[in-house]
Amino acid sequence: MKRIFSGVQPTGNLHLGNYLGAIRNFVALQHDYECIYCVVDLHAITVWQEPAALRAHTREVTAAYLAAGIDPKHSIIFNQSHVSAHAELAWIFNCVVRMGWLSRMTQFKEKAGKHRENASAGLFVYPSLMAADILAYKATHVPVGEDQKQHLELTRDTAQKFNNDYGVDCFPITEPLILGAATRVMSLRDGSKKMSKSDPSDMSRINMTDEADAIAQKIRRATTDPELLPGPAALDEAGRLPEETRKARPEAWNLLGIYAALSDKSWSEVLQEFEGAQFSAFKKALTELAVDKLGPIGAEMKRLQADPEHVDGILRDGAERAAAIAEPILREVQDVVGF
Ligand code: ADP
Ligand code: NA
């Protein structure tokens with residue numbers, strides 16, 4: 001059996017990176033896997049969240065899942081804090097993972113920044129909660145953006161160490177699924193930073209609920225360079241984008257990558273289409289495409305967010321179905337540990 005687990009934090013400002021790097025893939029995976037999609041509120045509070053905002057953002061992520069096409073009858077959509085197995089298994093894993101493993105996590109270093117002493121302990125042990133999320137369902141595959149690869153590696157190490165320490169074959173070694181052309185969507189203002197919910201500049205990201213005029217304005221103002229767009233000769237023989245080529249013009253390649261992902265075209269097809277074009281012409285085409293693809297999703301999200309009872313009902317039903325899978329697995333683990 002192939003089972004997927006993945007999640008998105010309810011921290012607001014859901015953006016094109018979350019859509020292309022995560023949510024869109026979640027939709028496609030429903031055909032081939034049993035899918036469990038979580039709104040990870042326990043993760044969100046590793047940094048301060050206003051309670052009312054957390055509640056609203058939990059519904060926002062749920063609305064995004066539904067609007068993008070996740071079918072709640074087929075897949076499970078639920079809220080992490082509603083299934084206590086996550087927190088209980090995370091505690092066991094806190095006693096399995098090593099301080100040294102956690103200290104190497106680049107996301108902790110980035111998020112804690114210079115004020116490490118002031119970061120919550122939860123932020124530090126975030127990866128063992130993520131391991132618990134995945135392994136509470138014995139998920140075999142996890143679709144992740146590039147930014148989460150290191151955390152998934154830690155999940156695999158945790159499963160391995162638990163199995164070794166206790167001499168059992170309890171947990172699977174979960175495989176990452178890195179999908180799609182735009183696995184790492186960069187900021188529209190600075191091609192060296194990823195597009196992020198927490199970027200203070202709203203112009204740096206296209207939000208999933210942006211209206212057509214906001215999308216147009218953000219793409220128009222996106223950082224570019226004075227050169228014309230490259231042709232397919234920029235790619236290697238296998239049609240891939242060489243890293244040095246990307247690094248030389250990060251903003252240009254980011255916009256081209258977004259175009260490729262949204263249009264489901266290969267790099268080579270996109271470069272053929274725009275070879276020698278000015279950015280102004282390309283940006284116009286990108287705007288039309290983005291409005292066409294995101295517009296209906298954003299509108300459906302807003303409709304769902306205006307009906308919180310419906311959204312909460314879906315989360316309640318999902319939590320029951322998730323708990324029915326996770327609780328027997330937790331009991332098995334507790335038995336192994338000697339509780
Ligand atoms: P954020 O990193 O914006 O706070 P989350 O941590 O909740 O968002 O991530 C939710 C999902 O979206 C993860 O699978 C993550 O890999 C993906 N993701 C986040 N930002 C990007 C991005 N800029 N490009 C591609 N995928 C992204
Ligand atoms: Na992230």
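Predicted model: local features only at pLDDT ≥ 70, side-chain atom pairs only at ≥ 80, totals over all residues.
Me: How many residues of domain 1 are in contact with domain 2, and which helices supply the side of domain 1 that touches domain 2?

Reply: Nine residues of domain 1 are in contact with seven residues of domain 2. On the domain 1 side, helix 1 (16-29) and helix 3 (51-68) each supply at least two residues, and the largest share, four residues, comes from helix 3.

Me: What is the make-up of the shell around ligand 1, and which helix gives the most to it?

Reply: Ligand 1 is surrounded by 18 residues, of which Q9, G17, G21, A22 and G145 are the closest. Helix 1 gives the most to this shell, with four residues, and the shell as a whole divides into five nonpolar, nine polar and four charged residues.

Me: How should I read the largest nonpolar core, and which of its residues touch the most other members?

Reply: The general idea is that, in soluble globular proteins, nonpolar side chains tend to be buried together. Here the largest nonpolar core has 95 residues, and those touching the most other members are I36, Y37, A64, Y65 and L89. Helix 11 (residues 250-263) gives the most to this core, with nine residues, and the core draws at least three residues from each of domain 1 and domain 2.

Me: Which residues does A64 touch, leaving aside those up to four places away in sequence?

Reply: With those sequence neighbours not counted, A64 touches L14, I23, M208 and M301.

Me: Where is N13, and what is its phi?

Reply: Most residues other than glycine have a negative phi. N13, which lies in the loop between strand 1 (3-8) and helix 1, instead has a positive phi, near 55 degrees. N13 counts as partly exposed because 17 other C-beta atoms lie within 10 Å, a number between the limits of 12 or fewer for exposed and 20 or more for buried.

Conventions
Residues numbered from 1 in each chain as written. Chains lettered and ligands numbered in written order. Contact = placed C-beta atoms within 7 Å. Near = placed C-beta within 6 Å. Nonpolar A, V, L, I, M, F, W, Y, C, P; charged D, E, K, R; others polar. Core = buried A, V, L, I, M, F, W, Y, C linked by C-beta atoms within 7 Å. Domains from an automatic or database assignment.
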